[in-house]
Amino acid sequence: MSTSLKIWGTLLFTLLLMCFFILIGSDLDFNYIIPKRLLRLATILLGSICLAVSAVLFQTIVGNRILSPSIMGYESVYLLWQAVLLFMLGAHGLTILSVSGNFAISITIMLFYSWALHFWLLPRCKNNIFMLLLFGLVLTTVITTATQFIQLSISPGEFSIFQGLSYTSFNRSKPETLLYGAFIVAVCLWMGRKTLPILDVMSLGKEQSISLGVDHAKYISLYLALIAVLVAISTSLIGPTGFMGIFIANIAYVLAGSNKHRTVIPIAVTVSLIIFLVAQLFVEHVFNYKTSVSILINLVCGVYFLALIARTRGTT
Amino acid sequence: MITVHNLHKTYGTKPVVTDISLEFPTAGITSLIGPNGAGKSTLLMMIAKLLEPSSGHIALNGQKVNNIKTAEYAHRVATLRQSPGFNLRLTVEELISFGRFPYSRGHLTQEDRDIIEESIEFLELEAIRNAYLDELSGGQRQMAFLAMTVAQKTDILLLDEPLNNLDMKHAVQIMQALRRLCDEQGRTVLLVIHDINFAANYSDHIVALKNGTLKFNGSSEQVITENNLKALYDLDFEVIRNKRGCLCNYFNL
């Protein structure tokens, strides 16, 4: 099968899947069901872009394919903030703040966290990205423990709300949060678009890329900032995704059969889109919301990922 | 031409390179030799702008390298480190095209393609040009990396132990290729090398370091003598010269 045929086939399949997602069992109810589903579809689309792009970027700049941005602790900061909100304002605190208010504040907090990591911690690690990763890992643990401490103090009702927030879900977004998110993501992608060949060079490692004339420190900063924005948006939109990025990126590498980011990134976005759509379809129509998207994806993709590693003996 | 002025490098409190000043000759192979921990690689990495000197400076044609932008430096100096534990799925040709990145910034022109072609021919990699790097032997991979560095078309090439882990045949191939680069294209090659016989037979110039200081600096004939090598490595040497070259024997003496 030729490459262009494959691409068009995949796009057609994705489109069909989207239509199926919108129309299945909807009785063509354009007043309630279909608008709701369109909103979910848009959330899935934006979430896929954020997740796939941030995962691939992150793996390239740290030169490791079994890491995802969540190791830096962005998501634990998000959860800590939600726990603090519930603790201080109670269950109706979230309603007072409104979804878009919470969205905006969460993004700001995560960006502030990333800014602190970058400008305060990175120079203290002598600009060594691996030290930063280790600190990120330790911070994640510390923040998660703080979150657990607060969890123990909140009421069972608030706790169940918190649990809901700690899963990936496409039902939380509102049209206005989506719109803001989409706008920011579009700006980020526009800025990052021209630097794709630089990413290819950076995958050769720090020293080789400097030798090939790439201002490594500058681009590490740029990409860390882009990743922070993308992760902040996806986390406040669909919740923590944990290690899903690893599965998605690795599946994309295998399918792409190339390391060119121009190829890998669109494939990763498509893979993520398909996985999310299928998982959501299963959650809605097969399991009737008795399981969550995260559980389903981690279960299926996790097994596939392990099989992939075993088959290629870790060379992927 | 590269000149080094009062160069110092310390890691923490440990001095690695102490007060080195020297001038590397243009067009020809210069080998950096010396025992482990002599500071050879550190010196080379500072010249490559991959390490910052603690004090002193390095100049390229009189211009301090600190003042040359990374992108501009890549047009003039190409560096190859010990080929990394590599797990990218790249073909040989794709790897070599990265050598054109300093010029093309990712969009190859016809000229870039011609130069890539030329580098493939130069190192005789036609047969494996479409092979994936992770499927090659260490020697073939090293040749591919060298081809990338050659395609960068810089006057100066810095190579950190290019013969590491290679069998004799590949080592000879690489050294002959470097020889041709200097003789046919007038390029300057600086390399760190451990095998004293390769250094003695293929280089024009030898710089010997010990404990971070400059010990000997001169033409290959001047530096490779029994007394110098004994002082450098604390080993007895027998240097046998004939018209085919020279052999440094340090076994069973």
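**Briefing on chains A and B**

B:D19 lies in strand 2 of chain B, which covers residues 14-24. The model is predicted.

**Positive phi in chain B**

- B:D19 is not a glycine, yet its phi is positive, near 45°.
- The relative accessible area of B:D19 is 42%, so this residue counts as partly exposed, the class between 20% and 50%.
- B:E161 is likewise not a glycine and has a positive phi of about 45°.
- B:E161 sits in the loop that runs between strand 7 (156-160) and helix 7 (168-185) of chain B.
- B:E161 has a relative accessible area of 14%, and because buried means under 20%, B:E161 is buried.

**Chain B as a whole**

- Chain B contains ten helices and twelve strands.
- Its radius of gyration is 18 Å, close to the 18 Å given by the globule rule for 253 residues, so chain B is as compact as a globular protein of that length.
- Along the principal axes, the C-alpha atoms of chain B fill a box of roughly 50 × 40 × 35 Å.
- Buried residues make up 53% of the 253 residues of chain B.
- Among the contacts in chain B with a separation of 6 or more, 63% are between residues 24 or more positions apart.

**Helix 3 of chain A**

- Helix 3 of chain A spans residues 74-89, 16 residues in total.
- From its first C-alpha to its last, helix 3 reaches 23 Å, close to the 22 Å expected at 1.5 Å a residue.
- The buried residues of helix 3 include A:Y74, A:V77, A:Y78, A:W81 and A:L85.
- An α-helix has 3.6 residues a turn, so residues three or four places apart point the same way.
- The buried residues of helix 3 pack against helix 4 (91-97), helix 5 (99-124), helix 6 (129-153), helix 7 (156-165) and helix 11 (216-238) of chain A.
- A:G90 follows helix 3 and has a positive phi, near 75°.

**Surface patch on chain A**

- A:F183, A:I184, A:V187 and A:M191 make a nonpolar surface patch of about 370 Å².
- A:F183 belongs to helix 8 (residues 175-193) of chain A.
- A:F183 has a relative accessible area of 60%, and because exposed means over 50%, A:F183 is exposed.

Note on methods
Residues are numbered from 1 along each chain as its sequence is written. Chains are lettered from A and ligands numbered from 1 in the order in which they are written. This is a predicted model: local features need pLDDT of at least 70, side-chain atom pairs count only at pLDDT 80 or more; totals for chains, interfaces and linings use all residues. Side-chain values use heavy atoms; hydrogens and water are left out. Helices (H or I, at least four residues) and strands (E, at least two) are DSSP runs, numbered from the N terminus. The expected span of a helix is 1.5 Å times one less than its number of residues. Buried means under 20% relative accessible area, exposed over 50%, partly exposed in between (1.4 Å probe, protein chains only). Contact means heavy atoms within 4.5 Å. Patches are made of residues with over 30% relative accessible area and no salt bridge: like charges are joined within 9 Å, nonpolar side chains (Val, Leu, Ile, Met, Phe, Trp, Tyr) within 5 Å. Accessible areas come from the Shrake-Rupley method with a 1.4 Å probe; for residues, only the protein chains shown count as cover. A salt bridge is a side-chain nitrogen of Lys or Arg within 4 Å of a carboxyl oxygen of Asp or Glu. The radius of gyration is taken over C-alpha atoms; the globule rule is 2.2 Å times the number of residues to the power 0.38.
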